[in-house]
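I opened this model to look up its charged side-chain contacts, and I kept notes as I went.

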Amino acid sequence: MKQNEEIIYGSLGQRVKAIFVDSLVIAVFGVLTSMLLREFSDIPDYYRAVPFVFIFLIYDPLFVSLFGGTLGHLVMGLRVREAKEQTKKIIFPFAFIRFIVKICLGWLSLLTVTGNKKKQSIHDSVIGSVVLKS
């Protein structure tokens, strides 16, 4: 962020659209994984579950920590950053905690975006992150 650059926080609508894109991405990954695993008939069912759990639990925190947002965030022009130092991405452990809180609270957390100046949801407030419009 430059000194005089205006900070624009991600709106509720933009964030909902990003969630929709991410849902499609996860669904496509799931279908492709399922098609691939069908080719291996001798794999036990509990091993078949591992890629789906991995995709669901790791996608969001991994992309947020490495790229500053999920594919949905990036498509919508949003970036997840530290609230205090908005040029810095959040690290993986914080991204994972953010994701777990987001999953546990669901839409309730997201709907709190409209309640504060920085448009932070509960899961952002917990770890000190913000979603910026780039």
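I began with aspartate 45 and arginine 48, whose side chains meet in a salt bridge at 3.9 Å, N to O; the term requires a side-chain nitrogen of Lys or Arg within 4 Å of a carboxyl oxygen of Asp or Glu. Because aspartate 45 and arginine 48 are 3 residues apart in helix α2 (residues 45–67), about one helical turn separates them. I take helices as DSSP runs of H or I with at least four residues, numbered from the N terminus. Aspartate 45 counts as exposed, because its relative accessibility is 62%, where exposed means over 50%, buried under 20% and partly exposed in between (1.4 Å probe, protein chains only).

I noted that this is a predicted model, in which local features need pLDDT of at least 70 and side-chain atom pairs count only at pLDDT 80 or more, while totals for chains, interfaces and linings use all residues. Residues are numbered from 1 along each chain as its sequence is written, and side-chain values use heavy atoms, with hydrogens and water left out.

I next looked up aspartate 124, which forms a salt bridge with arginine 98, the closest N and O atoms being 2.8 Å apart. Aspartate 124 lies in helix α6 and arginine 98 in helix α4 (residues 92–105), so the pair ties together parts 26 residues apart in sequence. Shared partners join Arg15, Arg98 and Asp124 into one network of salt bridges.

For aspartate 124 and arginine 15 I found a salt bridge of 2.6 Å, N to O, linking helix α6 (residues 122–127) to helix α1 across 109 residues. Both aspartate 124 and arginine 15 are buried.

Terms used: Helices (H or I, at least four residues) and strands (E, at least two) are DSSP runs, numbered from the N terminus.
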